[in-house]
Amino acid sequence: MTKKLEKLLRFGFPTAELCVGGDESAQCPRWLAARQQSVLLQHLREFNEGVEKVGKDPNLTGMGKDARRRELAMGVLAKLKSEDGHRLLDLIQKKANVAKNRLAAAERPTGESDIDRLAHLMRVQGVQAFLKDMNGQTLLAELNRAVTNRDSTMFSAIMEIPSFILREKGLTGETIVAASKAWREATSPALAKEVEIGEQMAQLAEQNLSEVVAAVEEAGGIESRQVTVTK
């Protein structure tokens with residue numbers, strides 16, 4: 001048994017505790033993530049049983065065993081790449097997107113028309129033109145002021161600046177995440193928490209799938225063919 005496979009089979013996923021407390025009746029992201037971990041581990045147990053049988057088969061040569069292990073691994077990878085492997089991940093991502101949409105709706109003024117949204121977009125674009133020559137320290141001050149004063153125009157203008165430009169000005173990803181979290185919580189603490197959990201569980205689900213793929217590839221002696229996650 002290879003190290004990655006043994007570690008997962010013996011200890012499970014290191015993120016399992018983060019998925020505790022999910023609501024099965026609502027099929028919330030935490031419950032879905034826990035369910036995905038259970039399904040993935042079952043795939044691994046079945047795969048490992050097959051690998052162990054191959055290792056004990058007296059009718060197979062060394063090359064024959066290697067070929068059979070690769071065949072078993074490819075079969076599992078095919079399942080992980082299909083709906084069977086992505087169904088729960090897709091559900092988690094959909095739940096996260098629903099929460100984001102609800103929060104976005106809460107952030108917009110009640111009764112906002114299409115003309116109002118267009119006017120807001122134009123104001124944002126106008127502010128961005130003003131921001132482009134700001135240094136990082138001034139830009140950070142404006143971001144903090146926008147969050148404190150609930151200035152949606154300034155906040156949107158800064159948050160929509162390409163991340164590489166923000167990094168060049170010294171605004172790290174952690175700074176942007178913190179500002180976004182503060183903005184969300186000021187809009188609605190409950191919805192902000194839903195979004196945070198949804199995003200966290202979606203990230204964990206992608207990581208879980210990636211870990212299992214890596215373990216199967218290693219045990220099957222095949223080159224990395226990581227499952228591509230479609231967002």
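At 39% relative accessibility, Lys 181 counts as partly exposed in this predicted model. The side chain of Lys 181 forms a salt bridge with that of Glu 196, with a distance of 4.0 Å from N to O. This pair links distant parts of the chain, since Lys 181 belongs to helix 9 and Glu 196 to helix 10 (residues 189-220), 15 residues apart. Glu 196 is likewise partly exposed, at 32% relative accessibility.

A further salt bridge joins Glu 199 to Arg 184, the closest N and O atoms being 3.0 Å apart. Because Glu 199 lies in helix 10 and Arg 184 in helix 9, this pair ties together parts that are 15 residues apart in sequence. Glu 199 has a relative accessible area of 27% and is therefore partly exposed. Both residues also belong to a network of salt bridges that includes Lys 100. In total, 11 salt bridges are counted in the structure.

Helix 9 also takes part in an aromatic contact. The structure holds 1 aromatic pair. The pair consists of Phe 155 and Trp 183, which are stacked with 4.2 Å between their centres and 5° between their planes. Phe 155 is located in helix 7 (residues 152-159) and Trp 183 in helix 9 (residues 173-187), so the pair connects parts that are 28 residues apart in sequence. Phe 155 is buried, with a relative accessibility of 8%, and Trp 183 is buried at 6%.

Apart from neighbours within four places in sequence, Thr 153 is in contact with His 120, Arg 123, Val 124 and Val 127.

Helix 3 (residues 62-81) comprises 20 residues and reaches 29 Å from its first C-alpha to its last, close to the expected 28 Å. Its buried residues include Lys 65, Arg 69, Leu 72, Ala 73, Val 76, Leu 77 and Leu 80. These residues cover an arc of only 135° around the axis and therefore lie on the same side of helix 3. The face turned away from this buried side carries the exposed residues Met 63, Glu 71 and Lys 81. Within helix 3, the side chains of Asp 66 and Arg 69 meet in a salt bridge of 2.5 Å, N to O. Asp 66 and Arg 69 are 3 residues apart and thus separated by about one helical turn. Asp 66 is partly exposed, at 34% relative accessibility, whereas Arg 69 is buried.

Definitions and conventions. Residues are numbered from 1 along each chain as its sequence is written. This is a predicted model: local features need pLDDT of at least 70, side-chain atom pairs count only at pLDDT 80 or more; totals for chains, interfaces and linings use all residues. Side-chain values use heavy atoms; hydrogens and water are left out. Rings of Phe, Tyr and Trp (its six-membered ring) pair if their centres lie within 6.5 Å; planes under 30 degrees apart count as stacked, over 60 as edge-to-face and the rest as tilted. Helices (H or I, at least four residues) and strands (E, at least two) are DSSP runs, numbered from the N terminus. Buried means under 20% relative accessible area, exposed over 50%, partly exposed in between (1.4 Å probe, protein chains only). The expected span of a helix is 1.5 Å times one less than its number of residues. The arc is that of the directions from the helix axis to the C-beta atoms. Contact means heavy atoms within 4.5 Å.
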